[in-house]
Amino acid sequence: MSRQETIGVGAGAAYLGVDRVIDLGPLHPAAHGAYRLRLRLEGTVVTEAEPLVGHLHRGAEKLFEVRDYRQALALANRHDWLAAFCNEVTLALAVERMTGMDVPPRALWLRTLLCELNRVLAHLAFLVPLTRTPDGSSTAGTTAAQRGMHAVQSVMEEATGGRIHFMATRIGGLREDVPAGWTSHVAAALDAVDLPALRQSTVDNEDFRSRYAGIGVLSGDDVLELGVTGPAARASGVDIDLRRDDPTCAYGELTVDPVLGEDGDALARVECLTGEIAQSIRLARECLDRLPGGPVNVRLPKAVKAPEGSVYTWLEAPLGVSGVYLASRGEKTPWRLKLRTPSFNNVQALASLLPGTRVADLPAVLGSFALVVGDIDK
């Protein structure tokens with residue numbers, strides 16, 4: 001009879017036991033990445049996986065509902081801190097659609113540009129640990145990813161004043177225009193992202209390919225059944241990208257070619273991340289070339305009130321579809337605001353892709369499947 005063990009894996013903690021779970025480390029609600037996996041093993045192979053979430057209890061949706069629409073935008077970037085600007089735009093789109101507000105063209109193009117910069121920043125953040133050697137040593141790809149992150153984050157900070165929580169979006173546009181000379185700084189930051197070095201340490205490296213190929217496979221059917229979106233879905237061949245399929249901001253003026261994989265394994269997910277960085281750089285350069293002049297916001301009344309009714313808006317965030325369902329009773333605060341966050345749906349896929357994985361391959365599989373825990377425990 002085979003011996004079965006239950007093992008849990010969490011950030012900053014490990015769990016190991018026979019027929020029970022023993023916590024061997026802190027799992028504090030304030031810790032970044034405080035989520036847990038309960039895995040059942042047969043020998044050294046995972047036979048069953050259960051993501052255990054809900055440790056943070058952030059209550060973001062209820063916080064939105066006790067703030068007016070202007071104040072709510074300051075909270076919109078906090079549930080997925082690696083897609084901060086994209087989340088601001090998603091909420092602003094909902095209010096603008098309900099009020100019938102027209103956003104100035106310059107603001108639309110700047111929003112699109114900043115969303116693509118945000119995408120590059122998020123993908124680089126997930127690629128940094130993947131570029132390291134199995135023993136944790138840095139490679140040329142690690143240095144390239146860190147330098148690229150710093151360059152992109154610097155121009156985001158220059159435009160918005162924030163490095164993580166940007167709070168630059170306003171109902172009807174942006175808080176203020178970008179400073180003089182900023183566009184040339186963006187061009188230089190995009191040049192600083194060394195894609196060849198990133199690829200040489202990951203998807204173009206034979207040792208990396210041998211470690212990541214064929215593990216953590218997520219089928220296209222499971223993607224559709226679970227509502228997985230973003231690079232994790234496209235790596236399984238599911239051709240969905242809202243930038244092309246339901247464009248907002250200035251995406252309708254751009255050509256978006258979704259980066260698709262076929263195998264749905266850990267290697268395909270990393271290939272999609274690197275491919276999307278290249279596409280985002282291309283889109284950002286086109287935004288720079290086509291950026292119009294003019295104002296970046298509209299004059300608003302002292303209190304913004306959405307008319308009675310409801311609306312749903314969505315946007316292609318770095319990890320997938322970010323959506324907002326907004327219901328209003330004609331007041332200056334939402335009656336109901338529901339978030340559709342990519343990580344909440346995506347984390348459920350771990351139950352499908354982890355069975356059959358060896359324990360030794362868990363770091364590679366989990367590293368290839370990008371999640372932000374605040375986006376789960378919203």
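# Briefing on helix H4 and selected residues

Glu116 is a buried residue, its relative accessible area being 0%. The model described here is predicted. Glu116 belongs to helix H4, which spans residues 105-130, and H4 takes part in contacts with helix H12 and with helix H3.

**Glu116 and its surroundings**

- The side chain of Glu116 forms a polar contact with the side chain of Ser280 at 2.8 Å.
- A polar contact also joins the side chain of Glu116 to the side chain of Arg243, at 3.2 Å.
- When neighbours within four places in sequence are left aside, Glu116 is in contact with Arg243, Tyr251, Ser280, Leu283 and Ala284.
- Glu116 counts as buried because its relative accessible area of 0% falls under the 20% limit.

**Packing of H4 against H12**

- The axes of H4 and H12, the latter covering residues 266-290, come within 9 Å and cross at roughly 155 degrees.
- The two helices are therefore roughly antiparallel, since angles over 145 degrees are counted in that class.
- The crossing of H4 past H12 is left-handed.
- On the H4 side, the residues making this contact include Trp109, Thr112, Leu113, Glu116 and Arg119.
- On the H12 side, Ser280, Leu283 and Ala284 are among the residues that make the contact, and these three are also listed among the contacts of Glu116.
- By class, the contact of H4 with H12 has 15 nonpolar, four polar and four charged residues.

**Packing of H4 against H3**

- Helix H3, residues 84-99, and H4 have axes that come within 8 Å and cross at roughly 145 degrees.
- H3 contributes Ala84, Phe85, Cys86, Val89, Ala92, Leu93 and Glu96 to this contact, while H4 contributes Arg111, Leu114, Cys115 and Asn118.
- By class, the contact of H3 with H4 has eight nonpolar, one polar and two charged residues.

**Thr341, a buried loop residue**

- Thr341 is located in the loop between strand E9 (336-340) and helix H13 (342-346).
- With a relative accessibility of 1%, Thr341 counts as buried.
- The side chain of Thr341 reaches the backbone oxygen of Asp375 at 2.5 Å.
- Apart from neighbours within four places in sequence, Thr341 is in contact with His79, Val321, Asp375 and Lys378.

**Residues with a positive phi**

- Most residues other than glycine have a negative phi.
- Met167, although not a glycine, has a positive phi of about 50 degrees.
- Met167 sits in the loop between helix H5 (140-160) and strand E5 (169-170), and Met167 is partly exposed at a relative accessible area of 30%.
- Cys249 likewise is not a glycine and has a positive phi of about 50 degrees.
- Cys249 lies in the loop between helix H11 (242-245) and H12.
- Cys249 is buried because its relative accessible area is 18%, which is under 20%.

- Asp207 is part of helix H8, residues 206-212.
- Asp207 is partly exposed, with a relative accessible area of 43%.
- The C-alpha atoms of Asp207 and Leu291 are separated by 42 Å, and the two residues are 84 residues apart along the chain.

Terms used. Residues numbered from 1 in each chain as written. Predicted model: local features only at pLDDT ≥ 70, side-chain atom pairs only at ≥ 80, totals over all residues. Heavy atoms only, no water. Helix = DSSP H or I, 4+ residues; strand = E, 2+ residues; numbered from the N terminus. Buried < 20%, exposed > 50% of the residue type's maximum accessible area, 1.4 Å probe, protein only. Polar contact = N/O pair within 3.5 Å; in protein donor to acceptor, adjacent residues only side chain to side chain. Contact = heavy atoms within 4.5 Å. Axes fitted to C-alpha atoms, helices over the stretch in contact; angles between N-to-C directions. Parallel < 35°, antiparallel > 145°, perpendicular 65-115°, else oblique. Left-handed = near helix turned anticlockwise from the far one by under 90°. Nonpolar A, V, L, I, M, F, W, Y, C, P; charged D, E, K, R; others polar.
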